[in-house]
Amino acid sequence: MNKRYCLTLDLIADEWLIAEYEEMHRKVWPEIIDSITVAGIEDMEIYRAGTRLFMIMEVNDSFSFDKKAEMDAGNEKVQAWETLMWKYQQAVPGARPGEKWIMMDKIFELKA
């Protein structure tokens, strides 16, 4: 069974930057898609409410955040993408310096 992670991040409160950010995500660089899938992420969705982003990731057994970070550190395209994304993003309150997406805690689950 796949594991699901939910993460959050904020955008800078600027309507033009938000529109540009959304446009960038309509045409994500192919190298970024490759880095996501090679890491074991099988499904990913990002939602927005105002400036708050919410990401859902479904991952397979080969995925680990440490492995993904190590792979990304050695990938120039991923580093370029992440640098570009900081133009639009800002850390949520309580994040450590340089920390982007923050893991969310599950507080409720309904199983029917």
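Arg 26 is exposed, with a relative accessible area of 59% (exposed means over 50%, buried under 20% and partly exposed in between, with a 1.4 Å probe and protein chains only). The model is a predicted one, in which local features need pLDDT of at least 70 and side-chain atom pairs count only at pLDDT 80 or more, while totals for chains, interfaces and linings use all residues. Residues are numbered from 1 along each chain as its sequence is written, and side-chain values use heavy atoms, with hydrogens and water left out.

The side chain of Arg 26 meets that of Glu 23 in a salt bridge, at 3.1 Å from N to O (a salt bridge being a side-chain nitrogen of Lys or Arg within 4 Å of a carboxyl oxygen of Asp or Glu). Both residues lie in helix H1, 3 residues apart, or about one turn of the helix (helices, H or I with at least four residues, and strands, E with at least two, are DSSP runs numbered from the N terminus). Glu 23 is partly exposed, at 33% relative accessibility. Lys 27 also forms a salt bridge with Glu 23, with 3.5 Å between the closest N and O atoms. In a further salt bridge, the closest N and O atoms of Arg 96 and Glu 99 are 3.1 Å apart. Arg 96 counts as exposed at 59% relative accessibility, whereas Glu 99 is partly exposed at 22%. Through shared partners, Glu 23, Arg 26 and Lys 27 are joined into one network of salt bridges. The whole structure contains 11 salt bridges.

Rings of Phe, Tyr and Trp (its six-membered ring) pair if their centres lie within 6.5 Å, and planes under 30 degrees apart count as stacked, over 60 as edge-to-face and the rest as tilted. By this rule there are 6 aromatic pairs. Trp 29 and Trp 81 form an edge-to-face pair, with 5.0 Å centre to centre and 75 degrees between the planes. This pair links distant parts of the chain, 52 residues apart: Trp 29 is in the loop between helix H1 (15-26) and helix H2 (30-38), and Trp 81 is in helix H4 (residues 76-85). Trp 81 is buried, at 4% relative accessible area, while Trp 29 is partly exposed at 23%. Lys 77 lies over the face of Trp 29, at 4.9 Å from the ring centre (the criterion being NZ of Lys or CZ of Arg within 6 Å of the ring centre and within 35 degrees of the ring normal). Elsewhere, ring pairs link Tyr 5, Phe 63 and Phe 65 into a cluster.

Pockets were located on a 1 Å grid over the protein atoms alone, as open sets of points where a 1.4 Å probe fits, with protein on both sides within 12 Å along at least five of seven lines; lining residues have an atom within 4 Å of a point. Grid points are joined across faces, edges and corners, and a volume is the space filled by probe spheres set on the points. The largest pocket has a volume of about 1200 Å³. It is lined by 38 residues, of which Ile 36, Met 44, Met 55, Glu 82 and Trp 101 are the closest to its centre. The largest share of this lining, 8 residues, comes from E2. The second largest pocket has a volume of about 360 Å³.
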